[in-house]
Amino acid sequence: MKTADKTLTPRLIKKILLVFSLIILIMGASYVLVTGYFVHNYNQATTQKVNANVANHLIEEKFQNASPFLEDGSVNKPLFGDLMHDMMAVNRSIEVYLLDKQGTVLYSVVLDHGENAESKTVDITPIKEFIAHKGEKYIVGDDPRNPNNERIFSAAPYNVNGYEGFVYIILAGQEHQLISNSLLGRYFLKLGLGATLLSMLFAFLIGLLSIWFLTKNLRLMTQTVRSFQEGDLAARIKNPEKSDVEVLAHSFNDMADTIVESIDKMKSVDNLRRELIANVSHDLRTPLAILKGYVETLQIKRESLSENEKQEYLQITHDNINKLSNLINQLFEYSKLEAEQITPVKEPFSITELGHDLIAKFKVIADKKNIVLEIENPNENSMVFADVSLVERALQNLIENALKYTSTNGKVTLSIQRKKHNIEINIKDTGKGIPIKDQPYIFDRYKQIDKEAVRQGYGLGLAIVKKIMDLHDTTITVLSKPKEGSTFTFDLPAYQ
């Protein structure tokens, strides 16, 4: 894991540099291509504009002295022969074409090639457009020697002895184009290499600075994550809202908080588990020791014991077995509640009828201790919306607890009253009460407040009640004064 963490940021930087380099190469190539395209067009447009009037000059200087056509209507080749010599002296790349008004090539003058026009017609639309704009607009036309290409040209109309047409001059002929392409290719090769290398050098330097600046927060975050991994659980990303990766920074801080909370919760659960095991072991040990003692006594002295003594020993054994059984059942029930394996099935039911049933159930135990056990508002039927079995279990634990700590001739009262949208349930006793310092902890499982005192504890009964109330999204409170009794109160939603 450490190796992976240490190579995380360098690997990312390498990827960013690679992508950045590819972008620069693409930009450099695009720059060369675009530059080449516009430079070529610029040169062509410049050449065309400079030589825009060449065709007009040709007509003015040559056609005024001699007609381009003989009397029989054929082309005056001697005239164009003189024209060829003039072209050699001025510009060897020019190609001259004599067109009729439909664009048919009547004659051509191409140096070193004589008459050499592969195409017999030329599209006159660009020619007319060129003449209309007087050569001020960049226009390309057909190349008679290479019909698939277009060239810059100069053109002018003529009207001689009833013959109409156009003088069409290719300003950059095939030979010129070959030489131009060769030189241009070398120029752009040098330009491309130079521009690309120079751009890459500056881009590399700027990229390094940019990557260093942009990944600053990421490096700090990596260091924080590594510190957290190495055990510094307090490590957090400072000022996450100012980070370039704010969402990631907040997510890490939230995750770290969740992990720390989970660790604390696990430690707390582990401590409580150990405490529970220790306390349950103590509670189990006492009845087991009593059982073992009385069983051994019955085995050893069964012949010398009277029937009354045997019955007394068996009753004590039976009571301790019930105590063990109840303790084990409570432990199992609390474990399921703690593990959130119980889901309340809420339904409407009469809390008043449930109260009457429980009073009747515990009436025998209360009579044995000469305790008055009663229910208030017995005639008012109150309906609640809750899990009937869980509420019954909670009331049972509270009534058992009240009877346990209420002295002879005391009183335990179950009160049910409507409070707006809720039903308030109170279990009040006249027992010895709960010390004020112990009251915040009575719903904790086996919470021992005074380590020097002999632990009596409140067992799991009240802890189970607290869990049941949590499942019903309500709370249970206690109001108690020493020697004045206790009152446990909780609410349940009323069913309309």
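**Sheets, salt bridges and positive phi**

E95 belongs to strand β1, residues 95–100. Five bridges join β1 to β2, and the two strands run antiparallel.

Some ground rules. This is a predicted model, where local features need pLDDT of at least 70 and side-chain atom pairs count only at pLDDT 80 or more, while totals for chains, interfaces and linings use all residues. Residues are numbered from 1 along each chain as its sequence is written, and side-chain values use heavy atoms, with hydrogens and water left out.

Now the terms for strands. Helices (H or I, at least four residues) and strands (E, at least two) are DSSP runs, numbered from the N terminus. Two strands count as paired if DSSP finds at least two bridges between them.

**The five-stranded sheet**

In what order do the five strands of the open sheet come? The order is β2-β1-β5-β4-β3, with antiparallel pairing. The edges are β2, residues 105–110, and β3, residues 140–142. Each of those edge strands pairs on one side only. From one strand to the next, the twist averages 35°. For angles, axes are lines fitted to C-alpha atoms, for helices over the stretch in contact, and the angle runs from 0 to 180 degrees between N-to-C directions.

Next, the helices on this sheet. Helix α2, residues 54–63, lies across β1, β4 (150–160) and β5 (163–170). The helix α2 runs at about 35° to β4. Helix α4, residues 125–132, packs on the sheet too. It touches β1, β3, β4 and β5, where contact means heavy atoms within 4.5 Å. Its direction makes about 75° with that of β4.

β12 pairs with β10, residues 422–429, through seven bridges, antiparallel. It also pairs with β11, residues 476–481, over six bridges, again in the antiparallel sense. Watch F490 in β12. F490 is the bridge partner of I425, and F490 is also the bridge partner of I476. The strands β11 and β12 form a hairpin with three residues between them. In that turn, K483 has a positive phi of about 70°.

Helix α11, residues 461–471, comes in here. Its buried residues are G461, L462, A463, I464, V465, I468 and M469. They pack against α8 (307–338), α10, β11 and β12. Just after α11, D473 takes a positive phi of about 55°.

**Salt bridges**

The structure holds seven salt bridges. The cut-off is a side-chain nitrogen of Lys or Arg within 4 Å of a carboxyl oxygen of Asp or Glu. Side chains of opposite charge can pair when their charged atoms come close.

One joins E129 and K137, 2.8 Å from N to O. E129 is partly exposed at 28% relative accessible area. K137 is partly exposed as well, at 37%.

Another joins R151 and D143, with the closest N and O atoms 3.6 Å apart. Is this pair buried or exposed? R151 is buried at 8%, and D143 is buried at 2%.

Then there is D257 with R236, 2.8 Å from N to O. This pair links distant parts of the chain, 21 residues apart. D257 sits in helix α7, residues 246–301. R236 sits in the loop between α6 (216–229) and α7. D257 is partly exposed at 33%, and R236 is partly exposed at 24%.

**Positive phi in two loops**

N409 is not a glycine, yet its phi is positive, about 70°. Where is N409 found? It is in the loop between α10 (388–404) and β9 (411–419). N409 is exposed, with a relative accessible area of 58%.

K420 lies in the loop between β9 and β10. Its phi is near 55°, again a positive value in a residue other than glycine. K420 is exposed at 75%.

Note on methods
Buried < 20%, exposed > 50% of the residue type's maximum accessible area, 1.4 Å probe, protein only.
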